[in-house]
Amino acid sequence: MQPSPNILVIRRRYLGDIVLLGSLFRNLRLRWPEARVTALVERSYGEILALNPDVSGVLALPSGRLEWPGFLRRLRRSGFTHVLDLDNTEKTALVSRASGAAVRIALHHGEHRLKLRSLYTHVAYDPASEHEARPITEYYLKALGPLAVPVVDRGIRLVPSEADVSYWRRFVGAQGRILLVHPGSRSPARIWPMERFAAVCDHVQDDLGVQVVLAGGPGERRLLSEIRGLARTHVLALDDPPSLTRFAALARVSSALLCHDSGPMHVAAAVGTPVVALYGSQNPVLFRPHGEGHTQLVPSMPCSPCVAPGSCVPGDSYRSYCVRRHSVEQVLAAVRTALGPRAPRAPV
C-alpha cells in the first residue's frame with residue numbers, strides 16, 4: 001500500500017483568496033482521507049485556516065531575511081510529496097523546488113506569465129477567456145488536474161469553535177435578528193459612503209427591529225466611529241477588532257452581513273451567513289461569495305455619469321468609485337430580503 005501523500009498548497013494571501021481554497025482542500029481530502037494537507041500563507045492569514053476541517057496545518061511564509069534559513073530547514077524536514085503552487089511567483093517557485101517534493105505543480109492563467117518552469121514537474125493552465133468568466137474557485141480546482149483528483153464537491157466551509165459561537169450568542173444573540181455590518185475594504189475607492197451605511201443601520205433598527213453590530217479590522221476603527229456618530233439609533237460597534245476566528249463566529253450567529261467585496265464577505269459565506277455585498281467596477285463573477293442565498297449589488301456599466309470625476313481611474317477597479325452608485329433604498333431592500341421575515345412574537 002502506498003503511503004498517504006503529504007501535500008503543501010501555496011497561496012500567500014489574501015483573506016478571501018485563502019478562504020476560497022476550501023473546495024480544493026475538500027477534494028484533496030476526499031481523494032486521500034489520511035493525507036496531510038498543509039497551507040503555506042503569510043502569517044497574518046494562517047489563523048482562519050484553523051476553522052477548515054480539511055486542513056492539517058499551516059506553514060507561515062517568512063516575513064524577513066533572518067527567518068528564511070529556519071523556514072527552509074522546516075520545509076525540507078516536513079517531507080512533502082506534492083506541492084501545489086497557486087501563486088507562481090519567483091519566490092514560491094523556489095520554495096516549491098526547495099521542498100524536495102517529487103510532484104510540483106504550478107497554476108497560472110492567461111495574463112499571468114509562467115515563472116521558472118523548470119522548477120516544476122507539472123503545469124495547470126487556465127485560458128484568460130475562462131479565467132475571467134468563472135469563480136476563482138474553478139481556477140484553483142484546475143490544479144487538481146495533474147494529480148487526477150476528481151472534483152466531486154465544490155463546497156466551502158469554515159467551522160467556528162463552539163466556545164466562540166456561545167460567546168457571541170451571549171453578547172449579541174439575545175437581541176433576536178442581527179445585521180452584521182463590515183464597512184471596510186482594502187481599497188478606499190471601493191468603500192460606500194459612511195452616511196449611507198448609517199442610514200441603512202437606522203432603518204434596519206427602527207423599521208425591522210433588528211440589532212446592528214459594526215465590526216472591522218484594526219485599520220477600520222475610524223469607519224466604525226463615523227457610522228456610529230452619524231446613526232440616530234443605538235448601533236453596537238465593537239471597540240476591539242475581533243480576531244479572524246472570532247469574526248467567523250460572530251458572522252455565524254448573525255442573520256446577515258452587509259459588506260463590500262472583501263475577505264470578511266467570504267468568511268461569512270463560508271460559515272453559512274447570507275451576504276449583501278456592495279460592488280463597484282470589479283468583476284462580480286471572479287470573486288463572488290460562494291454558495292446560495294447571497295446578494296451582489298453591482299452597478300450598471302459603463303458607469304455614467306461618473307460619480308467621482310477627476311478621481312476615478314477607468315479600468316482600475318481599485319481606483320474607481322462606482323460603488324457610490326448604490327442608493328440607500330437599493331441596499332436596504334437587499335438587506336431586508338437577506339434578513340428574512342420577522343419571527344412571530346411569542347404569546348404573552
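Predicted model: local features only at pLDDT ≥ 70, side-chain atom pairs only at ≥ 80, totals over all residues.
**Entry 1, Glu138.** I looked up Glu138 and found it in helix 6 (residues 136-141), where helices are DSSP runs of H or I with at least four residues, strands are runs of E with at least two, and both are numbered from the N terminus. Glu138 has a relative accessible area of 19% and is therefore buried (under 20% relative accessible area, with exposed over 50% and partly exposed in between, for a 1.4 Å probe and protein chains only). I also noted that Glu138 and Leu20, 118 residues apart in sequence, lie 9.9 Å apart in space, C-alpha to C-alpha.

Residues are numbered from 1 along each chain as its sequence is written, and side-chain values use heavy atoms, with hydrogens and water left out. The chain averages a pLDDT of 94, and 97% of the residues score at least 70; pLDDT is the predictor's confidence in each residue, from 0 to 100. Over residues 344-348 pLDDT stays under 50, and there the model has zero contacts beyond four places in sequence (contact means heavy atoms within 4.5 Å).

I next checked His108, which lies in strand 5 (residues 103-109) and is buried, with a relative accessible area of 10%. Leaving aside neighbours within four places in sequence, I found His108 in contact with Asn88, Arg113, Leu114, Val123, Ala124, Tyr125, Asp126 and Tyr139.

I then turned to the cores, each a set of buried Ala, Val, Leu, Ile, Met, Phe, Trp, Tyr and Cys residues joined through side-chain atoms within 4.5 Å. The largest nonpolar core has 61 residues, of which Val9, Leu28, Ile48, Leu84, Leu86 and Leu250 touch the most other members. Helix 10 (residues 244-253) gives the most to this core, with six residues. Another core, of 33 residues, lies apart from it and has Ala231, Leu278, Leu332 and Ala334 among its members.

Which residues make the contact between helix 3 and helix 4? The axes of helix 3 (residues 68-77) and helix 4 (residues 90-98) come within 9 Å and cross at roughly 45 degrees. I listed Trp68, Phe71, Leu72, Leu75 and Arg76 from helix 3, and Lys91, Val95, Arg97 and Ala98 from helix 4, as the residues that make the contact. Axes here are lines fitted to C-alpha atoms, for helices over the stretch in contact, and angles run from 0 to 180 degrees between N-to-C directions.
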